[in-house]
Amino acid sequence: MRVQGLARWTMAYVAAAYVSFLLGQAVLLTGKTFPMAGLSSPWTLAAVHLFTIGWLTLLMLGALGQFLPVITASAPRGHGFYLAGLFLMAGGLLAMEIGFLTLERGTLWLPLGGSAVLLGVLLDLAALLPH
């Protein structure tokens, strides 16, 4: 069995996930989220998305980038798509956070951010397909 080294962008995904986790924890520590505020408050929505998209999704996709090529014994299609997916997901998450915090004023940040996150996930999945 061939020993595989660390994938090229795994640590970038883990670092982005860790930053999202810490930001989510910081939002919780302020006391502006549920249960002090309602479930639909902007700060609660921001914290939930920091944890689900920022922490869990980025961490899972980073782990898949490391382990999927090892499990399938084949090289992934492209590292460029994988890096572009990370940038789209991180930028989309930032746009969504801005959108949640400016929710009362009506904003285009939410659909733009959500679309960027979705496109980033799709690019990651395309990059992880084996040859």
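Analyst: Start with α3 and α4: their axes come within 7 Å of each other and cross at roughly 160°. Anything over 145 degrees counts as roughly antiparallel, so that is the label for α3 and α4. The crossing of α3 past α4 is left-handed. As for what lines this contact, the α3–α4 residues sort into 20 nonpolar, six polar and one charged. Bear in mind that the model is predicted, so you're looking at computed geometry throughout.

Next, let's bring in α4's other partner, α2. Helix α2 covers residues 42-72 and helix α4 covers residues 109-128; they pack at about 15° with axes 10 Å apart. Under 35 degrees is the cut-off for roughly parallel, which is why α2 and α4 get that description. Here too the handedness is left: α2 passes α4 in a left-handed crossing. From α2, the contact uses Ile53, Thr57, Leu61, Leu64, Gly65 and Leu68, and they meet Val117, Val121, Asp124 and Leu128 of α4. By class that comes to seven nonpolar, two polar and one charged. A handy thing to keep in mind when reading such lists: an α-helix has 3.6 residues a turn, so residues three or four places apart point the same way.

Besides sitting in the α4 contact, Gly65 is where α2 bends by about 30°, with Pro69 following within four residues. Even so, the end-to-end reach of α2 is 42 Å from first C-alpha to last over 31 residues, close to the 45 Å expected at 1.5 Å a residue. Just past the end of α2, Ala73 takes a positive phi of about 55°.

That leaves α3's other partner, α1. Helix α1 is residues 10-30 and helix α3 is residues 79-101; the angle between them is about 10° and their axes are 11 Å apart. That angle makes α1 and α3 roughly parallel. On the α1 side you'll find Ala12, Tyr13, Ala16 and Ser20, facing Tyr82, Gly85, Leu86 and Leu93 from α3. The α1–α3 contact residues split into six nonpolar and two polar, with no charged ones.

Putting it together: α3 and α4 run roughly antiparallel, α2 is roughly parallel to α4, and α1 is roughly parallel to α3.

Terms used:
Residues numbered from 1 in each chain as written. Predicted model: local features only at pLDDT ≥ 70, side-chain atom pairs only at ≥ 80, totals over all residues. Heavy atoms only, no water. Axes fitted to C-alpha atoms, helices over the stretch in contact; angles between N-to-C directions. Helix = DSSP H or I, 4+ residues; strand = E, 2+ residues; numbered from the N terminus. Parallel < 35°, antiparallel > 145°, perpendicular 65-115°, else oblique. Contact = heavy atoms within 4.5 Å. Nonpolar A, V, L, I, M, F, W, Y, C, P; charged D, E, K, R; others polar. Left-handed = near helix turned anticlockwise from the far one by under 90°. Expected span 1.5 Å × (residues − 1). Bend = angle between axes of the 7 residues up to and from the residue.
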